[in-house]
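Please read this note beside the sequence and the structure shown below. It is written for a reader who is new to such models.

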Amino acid sequence: MQSSSYSPEEYNQLPDHPGVYKYFNESGDLIYVGKAKSLKKRVSSYFNKNTGVNLKTRRMVKEIRKIEITLVNSEFDALLLENNLIKKSQPRYNILLRDDKTYPYLLITKEHFPRIFPTRKLIPKRGTYFGPFASVKAMNNVLDLIRELFTIRTCKLDLSPYKIDEGKYKVCLEYHIGNCQGPCVGKQAEVNYLKDLEQAKHILKGNLGIAKSYFKQEMQAYAESLEFEKAHRMKEKLDLLEKYQAKSLVANPSISNHDVCTLVSDEKYAYVNYMRVKNGSLIVSKNVELKKKLDESNEELLIAALIRLQDQFNSDAEEVLVNIDITEPIEGLNLTMPKIGDKKKLIELSTKNALFYNKEKALLQGLNQDKKDRVIRQLQQDLSLPEIPDHIECFDNSNIQGTSPVASMVCFLNGKPAVKEYRHYHIKTVEGPNDFASMKEIVTRRYKRLMEEDKPLPKLIVIDGGKGQLSSAVEALQDLGIYGKMPIIGIAKRLEEIYFPGDSYPIHIDKKSESLRLLQRIRDEAHRFAITFHRKVRSKNAFGTQLTAIPGIGESTANRLLSHFKSVKKISQATEEELTEVIGSSRAKALMEWKEKNKGA
């Protein structure tokens with residue numbers, strides 16, 4: 001493989017060769033990765049003005065400042081490289097599998113008398129991993145089967161030969177109940193243990209036929225040597241294996257090693273079902289959702305999902321059954337759209353799963369929206385509000401012993417935090433610890449600004465505090481001439497009492513009510529936001545005080561440093577040359593000496 005760079009104006013110079021192209025923006029960020037049978041034709045299609053491309057694609061093209069390409073031998077190699085790059089960098093305009101789960105694996109350890117146990121961490125040097133499994137239940141079913149068929153140890157003992165010879169261990173309960181043959185005391189040879197383990201590996205790989213043949217041979221051997229009790233045990237294990245296979249059999253056993261991948265889509269999303277079938281048994285079934293980014297076709301979405309899922313589940317399938325007719329075959333990827341027979345039934349089963357996943361997602365989104373609507377409607381009812389409170393703002397003050405007074409405002413839209421609308425406030429007009437005056441100041445500043453910018457006012461204002469803070473907020477609204485245009489309440493922490501302006505007595509909402517939980521969540525979020533900001537300001541002020549204690553550095557120099565470097569952390573990391581540019585060489589030298597002296601303090 002070879003890589004090279006081009007500017008967008010040089011796309012005509014790209015080679016007519018399979019490969020992967022990467023688009024970078026002005027900041028050097030990777031924004032899109034694509035694969036192509038012909039790099040020249042594919043990339044030029046983005047810049048050809050006569051080509052009808054959608055709005056999102058045109059927006060992406062405007063951002064492109066650099067193109068990098070990597071040549072590969074075939075389109076299939078390009079698919080694999082594209083998948084790895086997307087997985088690693090997650091570019092903004094590429095479709096991503098909407099699935100953040102960490103899947104479980106079964107690990108066969110690399111040690112004497114290896115163990116088998118579940119894990120979600122992949123550390124290759126520990127041993128051989130099998131999976132991932134689409135669910136914990138599926139993994140446990142296989143693990144339970146293996147433990148019923150074979151006597152695999154579950155202890156964590158170091159069974160090195162010299163430790164066994166020294167007699168360091170004693171048999172445990174697992175030996176006495178027949179789940180272990182006692183390798184820790186030399187009652188089982190490692191060669192016999194590994195023989196069983198080899199058959200367990202075949203089961204984990206989905207090759208149940210090999211394991212069945214093994215038990216048949218063992219059963220016959222014991223019968224011929226007249227060891228009928230042992231032969232019967234082998235028969236029981238063979239029956240157990242056949243019963244397990246019958247449960248997972250979904251197609252003709254002649255369908256030996258196939259993947260099935262089907263897709264259904266709507267305007268914004270695609271829903272994919274992926275299945276792995278070995279010897280007619282379904283060993284993996286996984287649903288994923290993809291969000292469309294650049295109006296991709298169903299073919300593109302299916303191939304993208306298939307490559308990533310095959311990589312995720314370590315597929316070695318000979319053939320992939322799909323429900324979409326792929327117009328341009330991809331060399332190295334054997335795709336088939338069956339019309340009749342058992343393979344067609346597998347496609348129907350997979351498509352049914354994809355459709356069900358689509359409906360399930362739509363239903364869940366509907367339920368979540370219903371819940372949000374229900375909670376804010378309940379809040380409207382509990383507080384007798386004239387409108388549904390789909391826009392709520394909450395205020396809180398924070399100061400400790402009167403130092404660094406600050407405040408916060410958090411905003412909730414449709415019952416959810418609208419983080420971009422959160423605001424921090426330094427208290428400017430109030431001297432000393434005066435929560436009431438501070439509350440009046442920040443409410444005034446907030447709604448004076450909204451009025452100046454002609455932005456909508458909230459449907460409900462929540463004040464974190466009792467009657468005193470609420471009265472101060474009301475005064476601010478009265479001074480602005482907007483009191484009565486929107487409801488305002490105070491919520492006291494101790495008994496969760498709700499105060500309305502002018503009412504001597506609070507109201508209490510049922511402690512189990514969803515509407516009270518929403519108010520508590522909003523209040524707690526405002527408190528958290530204020531406290532976090534207050535700690536940051538205190539830290540900054542403390543650092544500023546320490547700076548002014550250094551000979552030659554006064555308050556104006558400390559402010560200049562904070563203004564230039566923006567944060568305490570950046571000042572502490574600045575070099576002497578960077579400090580010199582801001583405060584001069586002598587002060588910079590003094591500051592560096594102080595930093596060195598107080599390092600680690």
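The numbered points below treat a sheet, a helix and the cysteines of this predicted model.

1. The sheet. Five strands form an open sheet in the order β10-β9-β8-β11-β12, and their pairing is mixed. At its edges lie β10 (281–291) and β12 (335–336), each of which pairs on one side only. In general, strands of a sheet pair through backbone hydrogen bonds, either parallel or antiparallel.

2. Strand β11 (residues 319–322) and β12 run parallel and are joined by 2 bridges. The bridge partner of V320 in β12 is L335.

3. The helix on the sheet. Helix α10 (residues 298–312) packs on the sheet and touches β8 (257–265), β9 (269–278), β10, β11 and β12. The direction of α10 makes about 140 degrees with that of β8.

4. The helix itself. Helix α10 has 15 residues and spans 21 Å from its first C-alpha to its last, close to the 21 Å expected at 1.5 Å a residue. Its buried residues include L301, L302, I303 and R308. The buried residues of α10 pack against α3 (75–89) as well as against β8, β9, β10, β11 and β12. Just after α10, N314 takes a positive phi of about 50 degrees.

5. The cysteines. How many disulfides does the structure hold? There are 0. For C155, the nearest cysteine sulfur is that of C184, 6.2 Å away. C155 counts as partly exposed because its relative accessibility is 25%, whereas C411, at 2%, counts as buried.

How values were computed: Residues numbered from 1 in each chain as written. Predicted model: local features only at pLDDT ≥ 70, side-chain atom pairs only at ≥ 80, totals over all residues. Heavy atoms only, no water. Pairing = 2+ DSSP bridges. Helix = DSSP H or I, 4+ residues; strand = E, 2+ residues; numbered from the N terminus. Contact = heavy atoms within 4.5 Å. Axes fitted to C-alpha atoms, helices over the stretch in contact; angles between N-to-C directions. Disulfide = S-S within 2.5 Å. Buried < 20%, exposed > 50% of the residue type's maximum accessible area, 1.4 Å probe, protein only. Expected span 1.5 Å × (residues − 1).
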